[in-house]
Amino acid sequence: PSRGPADAIVTLVEFSDLQCPHCKAAQPTIEKLLLEETNTRLVFQNFPLPGHDWAAKAAGYADCIGRHSSDVFWKFVQATYDAQTDITAANADEKLNAIADAAGAKSAEVAVYAAAPETVERVQHSVDLGKAVDVSGTPMLFVNGRSIANLSGISYDELKALVDFAVKDAGPQEAKAK
């Protein structure tokens, strides 16, 4: 799933774990950037960490929802971050179903497809992609291919400066074309 113009000068790729408190903490900064930098696109990649007991399940839900509706996907992701401290391995199905319904998805269908082998494979493909580009933790953001490993440790101004640099680095021809 992605947000922003497909032909944006700057593409951000975020590898995230819906159970990760650092990913949750980074969202307001990313959100502000997307609102202010209208020629920026965000692409989401699931990267559930092995030590998080309900993250893979949430990634499966997100994958299913994202394949059907980008708008519902972003609502689901934000609501999952918002409810993060209330979700446990024991109640994950109940909580994720409620979040999916509230976001506008049909949780009964999502729950079935979230556990399907093809969904598990897609989530694993996202994890494999992350590992191939040296993602070892979350959140990790790439700005036009350049990695920012400690996203929760940088300010909005620093992230904006990196995006501004990426725009300048794209060159005047690409900027004019877009």
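Trainee: At what angle do the axes of helix α1 and helix α3 cross?

Mentor: In this predicted model, the axes of α1 (residues 21–36) and α3 (residues 70–83) cross at roughly 125°. They come within 10 Å.

Trainee: Why are α1 and α3 called oblique to each other?

Mentor: Roughly perpendicular covers 65 to 115 degrees, and roughly antiparallel starts over 145. The crossing is at roughly 125°. The pair is therefore oblique.

Trainee: Which hand does the crossing of α1 and α3 have?

Mentor: The crossing is left-handed.

Trainee: Which residues of α1 and α3 meet?

Mentor: Cys23, Lys24 and Gln27 in α1 meet Gln78, Tyr81 and Asp82 in α3. By class, this contact has 2 nonpolar, 2 polar and 2 charged residues.

Trainee: What makes Ile99 count as buried?

Mentor: Buried means under 20% relative accessible area. Ile99 has 10%, so Ile99 is buried. Ile99 lies in α4 (residues 92–103). Beyond its neighbours within four places in sequence, Ile99 is in contact with Phe76, Ala79, Thr80, Ala83 and Ile87.

Trainee: Which residues touch the most other members of the largest nonpolar core?

Mentor: Leu12, Leu18, Ile65, Phe76, Leu141, Val143 and Leu159 do, out of 43 residues. The largest share of this core, 7 residues, comes from α3.

Trainee: What does Leu12 touch, not counting residues up to four places away in sequence?

Mentor: Its contacts include Leu33, Leu34, Leu42, Val43, Leu141 and Val163. Thr40 and Arg41 are also among them.

Trainee: Which residues does the second, separate core include?

Mentor: That core has 6 residues, among them Phe15, Val127, Met140 and Phe142.

Conventions:
Residues numbered from 1 in each chain as written. Predicted model: local features only at pLDDT ≥ 70, side-chain atom pairs only at ≥ 80, totals over all residues. Heavy atoms only, no water. Axes fitted to C-alpha atoms, helices over the stretch in contact; angles between N-to-C directions. Helix = DSSP H or I, 4+ residues; strand = E, 2+ residues; numbered from the N terminus. Parallel < 35°, antiparallel > 145°, perpendicular 65-115°, else oblique. Left-handed = near helix turned anticlockwise from the far one by under 90°. Contact = heavy atoms within 4.5 Å. Nonpolar A, V, L, I, M, F, W, Y, C, P; charged D, E, K, R; others polar. Buried < 20%, exposed > 50% of the residue type's maximum accessible area, 1.4 Å probe, protein only. Core = buried A, V, L, I, M, F, W, Y, C linked by side-chain atoms within 4.5 Å.
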